[in-house]
Amino acid sequence: MKIIKANNYNDLSRKAANILSAQVILKPRSVLGLATGSSPLGTYKQLISWYDKDDIDFSEVTTVNLDEYVGLSSNNPQSYRYFMNTNFFDHINIDKIKTHLPNGIVKDTEKECERYNNLLHEVGGIDIQLLGLGLNGHIGFNEPGSEFEKLTHVVKLKEATVSANKRFFEKGEDVPKFAISMGIKSIMQAKHILLIVNGEEKYEILKQCLFGPVTPHVPGSILQLHSNLTVIYSCNKEL
């Protein structure tokens with residue numbers, strides 16, 4: 001485990017982008033596991049900036065995202081596909097056909113989970129997986145529970161997660177209650193995991209994840225068992 005303390009959010013974003021860009025430069029056909037939410041926004045902006053300066057080429061890259069809301073189409077501004085397009089993919093030279101997220105509007109969600117599991121196998125595995133961390137310790141949408149969910153699955157979101165996501169929606173009742181999420185096993189099979197955590201409010205849960213018992217009640221605690229984990233965090237306290 002490698003732990004890096006950033007000076008602030010911009011420093012965190014730049015450090016994370018450095019690691020991702022190095023991956024792409026050294027292996028142009030990399031498979032990047034990507035995340036959504038407020039934490040990676042700065043990282044994506046930094047990568048776009050370097051792309052604009054011709055410092056990085058995404059033309060051969062494949063991406064797989066962690067999750068998508070059930071019931072939101074790709075053109076819904078709150079869907080994760082829309083988020084990825086508007087905040088990253090639309091601004092770089094990546095082939096959109098090679099950018100993958102679960103489909104949240106299929107009738108058969110279980111079949112969609114199976115399709116996504118097969119896709120992760122077909123792309124040859126994830127070279128580096130970018131992760132954020134939820135206030136309850138969730139990674140992707142793998143919520144606290146009695147066991148670790150191994151493969152892609154449909155998740156009933158915890159009330160804490162729904163509440164945290166309300167700020168992105170006009171009405172609280174519009175927040176989806178279900179999502180399709182990559183499983184813990186798939187995340188842990190990534191060759192390198194990059195966890196980025198910003199803010200004082202996440203200090204205690206990050207500490208639990210990195211130094212507490214490994215338990216499905218704190219899903220991020222499983223990351224302790226990964227052989228190549230890099231953590232970049234920004235808060236006033238030392239871990």
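Here is a short chat about the fold and the salt bridges of a predicted model.

User: Hey, how many helices and strands does the protein have?
Analyst: You'll find 7 helices and 10 strands in this predicted model.

User: What share of the residues count as buried?
Analyst: That's 53% of the 239 residues.

User: OK, switching to charges. How many salt bridges are there?
Analyst: The structure holds 6 salt bridges. One of them pairs Asp-127 with Lys-27, with their closest N and O atoms 2.8 Å apart.

User: Which parts does that pair tie together?
Analyst: Asp-127 is in the loop between α4 and β6, and Lys-27 is in the loop between α1 and β2, so the pair ties together parts 100 residues apart in sequence.

User: Is Asp-127 buried or exposed?
Analyst: Asp-127 is buried, at 5% relative accessible area. Lys-27 is partly exposed, at 36%.

User: What does Glu-60 form a salt bridge with?
Analyst: Its partner is Arg-29, and the closest N and O atoms are 2.9 Å apart. Glu-60 sits in the loop between α2 and β3 and Arg-29 in the loop between α1 and β2, 31 residues apart. Arg-29 is exposed, with a relative accessible area of 62%, while Glu-60 is partly exposed at 31%.

Notes
Residues numbered from 1 in each chain as written. Predicted model: local features only at pLDDT ≥ 70, side-chain atom pairs only at ≥ 80, totals over all residues. Heavy atoms only, no water. Helix = DSSP H or I, 4+ residues; strand = E, 2+ residues; numbered from the N terminus. Buried < 20%, exposed > 50% of the residue type's maximum accessible area, 1.4 Å probe, protein only. Salt bridge = Lys/Arg side-chain N within 4 Å of Asp/Glu carboxyl O.
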